[in-house]
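Subject: Structure handover

Hello,

Here is the structure for your files, with notes on what turned up in it below. Please read the notes with the model open.

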Amino acid sequence: MADSNTFLRDIWYYALPGHQLKPGKIISKILLGEPILFGRTLAGQAFALRDICPHRAIPLSYGRFDGHEVECAYHGWRFDAAGRCTLIPALTEDQHLNLDKFGVRAYSVQEVQGNVWIYMPSAHRGDSDAIALDVPRIPGFGHETYQSVEVMNFPCFVDHAIVGLMDPAHVPFVHRSWWWRADANLAEEVKTFDPSPYGFTMRKHQLERETVLYRLIGRKPAVEISFQLPGVRIEQITSDRHTVCNLTTITPITETSTEVTTLFYTTLPWFKVLLPVLRPLVRRFLDQDRQMVIKQQDGLKYNPSLMLIKDADTQARWYYQLKAEFTRAIAEGRSFDNPVREQVLRWRS
Ligand code: FES
Ligand SMILES: [Fe+2]
């Protein structure tokens with residue numbers, strides 16, 4: 001089990017859906033316990049700065065943004081999208097300061113398939129270090145954006161949200177509903193897993209259990225589910241005609257708060273039409289997981305030791321192993337050696 005509540009660093013995290021960030025607007029947000037100011041210039045470029053003025057610590061988000069530069073509310077220092085200080089209004093004509101020394105920390109951001117991702121370096125490393133990992137992409141959707149997005153806050157440490165979402169054994173107990181799975185009987189599942197970049201993948205297989213939602217997608221639906229660090233799950237369902245991909249990202253806000261975002265990418269022509277019906281279902285589904293972690297907090301208060309059993313909890317065990325190996329690889333300055341091996345897992349759910 002994880003021995004301490006620390007966040008993975010030197011890796012890309014999901015930050016926010018791109019459409020939330022309108023040109024000329026700023027949004028302040030805590031990620032991994034750090035205050036971050038997200039902005040989008042009038043030219044459309046997303047950026048992220050530490051949301052603390054280097055002068056006297058007023059969050060820059062209290063200031064003004066003209067679509068090019070952020071102006072601090074307190075003494076009007078100005079910063080561009082790269083965090084460079086461009087103006088200190090209190091200086092007289094003959095007072096020459098090298099403004100390079102007064103910049104605010106900027107984070108690397110990437111906008112991919114409609115989402116803003118942020119690279120969170122460890123405190124002792126600069127942003128310019130080699131960024132080993134790529135931002136995850138939904139295969140087959142090129143530069144397309146998502147068709148739906150739901151964001152939900154889970155009031156728990158990130159590991160509990162991640163383990164809860166990858167756990168197959170909770171499904172019949174937590175997600176029992178007519179549109180997902182009406183039958184409460186457990187069946188034996190046998191699934192093959194392979195290592196994949198910074199995580200593992202449940203090998204593509206035909207869906208044997210018919211659900212109302214799957215039936216809408218087409219004939220012979222097959223599914224592949226991958227997980228990768230720090231907390232990214234991609235489920236691809238393909239039928240004879242269509243593809244539905246779900247991207248679920250889990251980003252720590254603080255040690256006791258985690259943001260779960262679930263997005264759909266699909267070729268289904270009627271998806272947008274059905275969205276008003278689907279959205280509440282997706283939220284209900286996610287909220288069922290959320291209610292469990294809320295209840296779990298009642299027990300975790302007493303700091304009990306937790307168990308992981310084979311094979312139902314093997315994916316959770318892999319998650320902890322992946323995390324530990326990632327941390328060690330970074331500390332030792334070597335490449336990541338995926339601890340997951342090809343394996344067949346069996347459980348009842
Ligand atoms: S505190 Fe920001 S300019 Fe002084
Ligand atoms: Fe769940």
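In α1, the buried residues are V158, D159, H160, A161, I162, V163, L165 and M166, where buried means under 20% relative accessible area, exposed means over 50% and partly exposed lies in between, taken with a 1.4 Å probe on protein chains only. Helix α1 spans residues 158-166 and is mostly covered, with eight of its nine residues buried. Helices (H or I, at least four residues) and strands (E, at least two) are DSSP runs numbered from the N terminus.

Some conventions before the rest. This is a predicted model, in which local features need pLDDT of at least 70 and side-chain atom pairs count only at pLDDT 80 or more, while totals for chains, interfaces and linings use all residues. Residues are numbered from 1 along each chain as its sequence is written, chains are lettered from A and ligands numbered from 1 in the order in which they are written, and side-chain values use heavy atoms, with hydrogens and water left out.

The sheet

There is an open sheet of four strands in the order β2-β3-β4-β9, with antiparallel pairing; two strands pair if DSSP finds at least two bridges between them. β2 (26-31) and β9 (106-107) stand at the edges with a single partner strand each, so one side of each has no neighbour in the sheet.

Strand β3 (residues 34-40) runs antiparallel to β4 and is joined to it by five bridges. Across this pairing, L37 stands opposite L49 in β4. The two strands, β3 and β4, form a hairpin with five residues between them, and G44 in the turn has a positive phi of about 100°.

Strand β4 (residues 46-50) also pairs with β9 in the antiparallel sense, over two bridges. Here A48 stands opposite Y107 in β9, and L49 stands opposite A106 in β9. β4 is mostly covered, as four of its five residues are buried.

Aromatic pairs

How many aromatic pairs does a search of the whole structure find? The search gives 18, where rings of Phe, Tyr and Trp (its six-membered ring) pair if their centres lie within 6.5 Å, and planes under 30 degrees apart count as stacked, over 60 as edge-to-face and the rest as tilted. The rings of Y146 and Y265 have centres 6.4 Å apart and planes at 90°, so this pair is edge-to-face. Y146 lies in the loop between β11 (115-120) and β12 (148-154) and Y265 in strand β18 (residues 257-266), so the pair ties together parts 119 residues apart in sequence. Y146 is buried at a relative accessible area of 10%, and Y265 is buried at 0%.

One aromatic cluster is formed by F193, F200, F227, W318, Y319, Y320 and W347.

R78 is found in strand β7 (residues 78-80) and counts as buried at 16% relative accessibility. Apart from neighbours within four places in sequence, R78 is in contact (heavy atoms within 4.5 Å) with D66, E69, V70, E71, R84, C85, T86 and L87.

Q236 is found in strand β16 (residues 232-238) and is buried, with a relative accessible area of 19%.

Regards
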